[in-house]
Amino acid sequence: MSRNSYSKLLTTGIVGTLVTAVCCFTPVLGVLLGAVGLSALLGLLDFVLIPALLFFIGITILALVRRSNSQTAPKSGSKES
């Protein structure tokens, strides 16, 4: 993968983690769902937000590991003895 695709993967992971964490740990969704009359769905949010948070944390870790492995791997044209 190119450095740009690692960067996109890392950005996706970080942004997804932040958005999901804000929705998990603050009453943002409670207020928004209550405002539009869907407050009955509040009980189901834990079943969606916690797995989403874990998924985005996993994407972030994957991107960091792949980026660090690509930086430490020898270049394809280099000769090592």
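Thr 20 touches Leu 49, Ala 52, Leu 53 and Phe 56, leaving aside residues up to four places away in sequence; a contact means heavy atoms within 4.5 Å. The model is predicted, so local features need pLDDT of at least 70 and side-chain atom pairs count only at pLDDT 80 or more, while totals for chains, interfaces and linings use all residues. Residues are numbered from 1 along each chain as its sequence is written, and side-chain values use heavy atoms, with hydrogens and water left out.

**Overall layout**

- The protein chain has three helices and zero strands, and its elements run α-α-α from the N terminus on.
- Helices (H or I, at least four residues) and strands (E, at least two) are DSSP runs, numbered from the N terminus.
- Of the contacts in the protein chain with a separation of 6 or more, 75% are between residues 24 or more positions apart.
- The accessible surface of the protein chain is about 6,000 Å², and 70% of this belongs to carbon and sulfur atoms; areas come from the Shrake-Rupley method with a 1.4 Å probe, and for residues only the protein chains shown count as cover.

**Buried residues**

- Buried residues make up 20% of the 81 residues in the protein chain.
- Buried means under 20% relative accessible area, exposed over 50%, and partly exposed in between (1.4 Å probe, protein chains only).
- Thr 20, placed in helix 1 (residues 3-25), counts as buried because its relative accessibility is 7%.
- The largest nonpolar core has five residues: Cys 23, Leu 29, Leu 33, Leu 45 and Leu 49. Helix 2 (28-35) and helix 3 (45-72) each supply at least two residues of this core.
- A nonpolar core is a set of buried Ala, Val, Leu, Ile, Met, Phe, Trp, Tyr and Cys residues joined through side-chain atoms within 4.5 Å.
- Leu 33 touches Leu 38, Ser 39, Leu 41, Leu 42 and Leu 45, again not counting residues up to four places away in sequence.

**Surface**

- Val 36, Leu 38, Leu 41, Leu 44, Phe 47 and Val 48 form a nonpolar patch on the surface, with about 610 Å² of accessible area together.
- Val 36 lies in the loop between helix 2 and helix 3 and is exposed, at 58% relative accessible area.

**Aromatic pair**

- Rings of Phe, Tyr and Trp (its six-membered ring) pair if their centres lie within 6.5 Å; planes under 30 degrees apart count as stacked, over 60 as edge-to-face and the rest as tilted.
- By this rule there is one aromatic pair. Phe 55 and Phe 56 form an edge-to-face pair, 5.4 Å centre to centre with 65 degrees between the planes.
- Phe 55 is exposed, with a relative accessible area of 52%.

Note on methods
Patch = residues over 30% accessible without salt bridge, like charges linked within 9 Å, V, L, I, M, F, W, Y side chains within 5 Å. Salt bridge = Lys/Arg side-chain N within 4 Å of Asp/Glu carboxyl O.
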